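Here is a short report on one protein chain. Please read it alongside the sequence and the 3D view.

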Amino acid sequence: MTLEELMHPAVSVILPVFNRRHLIERALASVVRQSFTGYELLIVDDGSSDKVGELLLPMVDEHPGWRYLRHRNRGLSAARNIGIQAALGEWVTFLDADDEYLPDHLSLRIGHLRSHPDLDLIHGGVELCGPEESYWVEDAFRPGQLIHLSRCTIGATLFGRRSLFIETGGFPLKSYSAESELMARLEGKYRVERVDYPTYRYYTGLPDSICTLRRSGGEGLEKRLPE
C-alpha cells in the first residue's frame with residue numbers, strides 16, 4: 001500500500017466485532033486476500049468481553065492500513081456509525097465479523113461504481129452459507145411472518161459514498177433490520193442499485209445471531225416465498 005493510499009484510501013471497510021474472537025480471523029483473512037488494495041480496514045470493537053483486542057492489536061501493527069477502535073457496548077448500528085465517522089475513504093462498505101468476502105468483492109464493486117458514475121450506492125450479491133431453514137428470518141415489516149434472506153437487504157453489503165451515510169445520519173439505532181429503515185431513506189434521495197454477483201459470503205444459523213434469536217422466539221411464523 002502506498003502512502004497516498006494510506007492517507008486517502010478509495011474504500012473504507014468497516015468491521016464491527018462483538019465477542020467474535022473465534023470467528024473474526026476468517027473475516028480478516030478474506031480482507032487480506034482482496035485483489036483490490038486501495039482500502040483501509042476499520043475494526044470497531046463494540047465492547048467485547050472475549051479479549052478479542054489481544055488478538056487484533058498485533059495484527060493491526062502488521063497492516064499499516066488497519067485501525068482498531070474500541071468503545072463500550074452500544075450495538076451494531078452504533079459501531080457501524082462510529083466507523084463511518086472515522087472513515088477516510090470516499091466510499092464506505094461493511095463486513096460482519098462472522099462473514100467473509102470472496103477475493104474480488106471490493107474490486108468488482110468499486111469497478112461497478114466507477115463505471116456507473118450516476119450511482120451513489122450498491123448492495124446485494126450474497127452467497128448464503130448455512131442450514132437452508134436458517135435462510136428464513138423474521139420479516140421486520142410484517143410481524144408474524146418469515147421472509148427469505150434473498151428478499152432482504154443485507155446491511156454489510158451496502159457500498160456507497162461516505163457522504164450519503166453522513167447526510168442521512170447513518171444506521172438507525174435499532175437492534176433488528178436497521179438497514180431496511182436506512183435503505184428506505186437512501187432510495188428516496190440517492191441513486192441505488194442492487195447487484196447480483198455473489199461475492200459476500202453470509203453465514204447463517206449461528207446460535208447467538210440476532211436473526212436466529214428472533215426467529216426462535218416466534219412460533220408458527222408464516223413463510224413468504226421469494227418472488
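## Strand β9 and R161

R161 sits in strand β9, which spans residues 159-161. Helices (H or I, at least four residues) and strands (E, at least two) are DSSP runs, numbered from the N terminus. The C-alpha atoms of R161 and W91 are 4.4 Å apart, although 70 residues separate the two along the chain. Beyond its neighbours within four places in sequence, R161 is in contact (heavy atoms within 4.5 Å) with E90, W91, P117, L119 and D120.

This is a predicted model: local features need pLDDT of at least 70, side-chain atom pairs count only at pLDDT 80 or more, and totals for chains, interfaces and linings use all residues. Residues are numbered from 1 along each chain as its sequence is written, and side-chain values use heavy atoms, with hydrogens and water left out.

## The sheet

Strands pair if DSSP finds at least two bridges between them. An open sheet of 8 strands runs in the order β3-β2-β1-β4-β9-β6-β10-β5, with mixed pairing. The edges are β3 (66-71) and β5 (100-101); each has a single partner strand, so one side of each lacks a neighbour in the sheet.

β4 and β9 are antiparallel and share 3 bridges. T93 has F159 of β9 as its bridge partner.

## The aromatic cluster

The whole structure contains 4 aromatic pairs. Rings of Phe, Tyr and Trp (its six-membered ring) pair if their centres lie within 6.5 Å; planes under 30 degrees apart count as stacked, over 60 as edge-to-face and the rest as tilted. F94 and F165 have ring centres 5.7 Å apart and planes at 80 degrees, so this pair is edge-to-face. F94 lies in strand β4 (residues 91-94) and F165 in helix α6 (residues 162-167), so the pair ties together parts 71 residues apart in sequence. F94 and F171 also pair edge-to-face, at 5.3 Å centre to centre and 85 degrees between the planes. F171 is in the loop between α6 and α7 (178-187) and F94 in β4, so this pair ties together parts 77 residues apart in sequence.

F94, F165 and F171 make up one aromatic cluster. Buried means under 20% relative accessible area, exposed over 50%, and partly exposed in between (1.4 Å probe, protein chains only). F94 and F165 are both buried. F94 has a relative accessible area of 0%. F171 counts as buried at 2%.

A nonpolar core is a set of buried Ala, Val, Leu, Ile, Met, Phe, Trp, Tyr and Cys residues joined through side-chain atoms within 4.5 Å. The largest has 57 residues, and V11, I24, I43 and F165 have the most contacts inside it. Outside four places in sequence, I24 is in contact with L15, V17, I43, V52, L55, L56 and A97.

T199 belongs to strand β10 (residues 192-203). T199 counts as buried, at 4% relative accessibility.

## The whole chain

The chain has 8 helices and 11 strands. Of its 227 residues, 53% count as buried. Among contacts with a separation of 6 or more, 78% join residues 24 or more positions apart.
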